[in-house]
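Open the model in your viewer and keep the selection tool at hand. The tour goes stop by stop.

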Amino acid sequence: RRSAAYSTGTESFSQAKRVVRQLYNEGKFKSFSGMSFATFSKDIFEEDGLYCQDKKINGDTWSQNTLKTYRNSLKYQLKPFFDDIKVEKINTGVVKDFKKYCIEKGMTVRTINNALQTLSIILKKACERDYLAKMPKLEKLAIEQKKRDLFTIEELTKIVTAGTELKSKSANLIIKLLACTGLRIGEALALMPCNVHENYLD
């Protein structure tokens, strides 16, 4: 009680009480329930869960494949680590420990990043409902880009030769086009007559 005035920047306890009451009325104080991650995240990605409810309110749509991905990440990656932790206790340090846990378990970078994406959605919902004071940093792991080697002349020759053995002339033509130009299959199929010139494609 003696230090209340000093901690609020006022000179008396009565002034300190007025400052605290004003801050409370402005919503500066949040009361956290001590809810566990397991309780808060239960059914969050079901059709009637928080995720889909908020999507409906905002007029957004979602796919069943997306929900399935989130559910799997929650069940297999997040729950084993976070279930017994209070939502309000999840901070940047806890997230770092989670990444370390995933790496030690031998999870791929893609799996870990999917789990972090799912965790981000859950924690944002927790913040919106005042179960968590501040979003922790959820930096994804860097994905190493694999360099693709160019085909050798011998490999290109085999590809083109294999194409000539096909009964379909159009398939044979596409194979030669891909081999000679480096186009992706989608790019080749999207070509129009106006894209084909005497010495180049555009």
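Select Y70, S73, L74, Q77, L78 and F82 in helix 5. Across from them, in helix 7, pick T111, N114, A115, Q117, T118, L119, I121 and I122. These two sets of residues meet in this predicted model. Color the contact by residue class: eight are nonpolar, six are polar and none is charged.

Now show both helices whole. Helix 5 spans residues 64–82 and helix 7 spans residues 109–128. At what angle do helix 5 and helix 7 pack? The angle is about 85 degrees, and the axes lie 9 Å apart. Angles from 65 to 115 degrees count as roughly perpendicular, so helix 5 and helix 7 are roughly perpendicular to each other.

**Next stop: helix 4**

Select residues 50–57, which form helix 4. Highlight Y51, C52 and D54, which are buried. On which side of helix 4 do they sit? Their arc around the axis is only 160 degrees, so they share the same side of helix 4. The buried residues of helix 4 pack against helix 5 and helix 7.

Then step just past the end of helix 4 to G59. Its phi is positive, at about 75 degrees.

**Loop residues with positive phi**

Go to D43, in the loop between helix 3 (37–41) and helix 4. D43 is not a glycine, yet its phi is positive, near 65 degrees. Is D43 buried or partly exposed? With 45% relative accessibility, D43 counts as partly exposed.

Jump to D130, in the loop between helix 7 and helix 8 (153–164). D130 also has a positive phi in a residue other than glycine, near 65 degrees. D130 is partly exposed, with a relative accessible area of 33%.

**Last stop: K137**

Stay in the loop between helix 7 and helix 8 and select K137. K137 counts as exposed, at 56% relative accessibility. Which residues does K137 touch, leaving out those up to four places away in sequence? Select T92 and V95 to see them. Finish with a distance label from K137 to G93, C-alpha to C-alpha.

Note on methods
Residues are numbered from 1 along each chain as its sequence is written. This is a predicted model: local features need pLDDT of at least 70, side-chain atom pairs count only at pLDDT 80 or more; totals for chains, interfaces and linings use all residues. Side-chain values use heavy atoms; hydrogens and water are left out. Axes are lines fitted to C-alpha atoms, for helices over the stretch in contact, and angles run from 0 to 180 degrees between N-to-C directions. Helices (H or I, at least four residues) and strands (E, at least two) are DSSP runs, numbered from the N terminus. Angles under 35 degrees count as roughly parallel, over 145 as roughly antiparallel, 65 to 115 as roughly perpendicular and the rest as oblique. Contact means heavy atoms within 4.5 Å. Ala, Val, Leu, Ile, Met, Phe, Trp, Tyr, Cys and Pro count as nonpolar, Asp, Glu, Lys and Arg as charged, and the others, Gly among them, as polar. Buried means under 20% relative accessible area, exposed over 50%, partly exposed in between (1.4 Å probe, protein chains only). The arc is that of the directions from the helix axis to the C-beta atoms.
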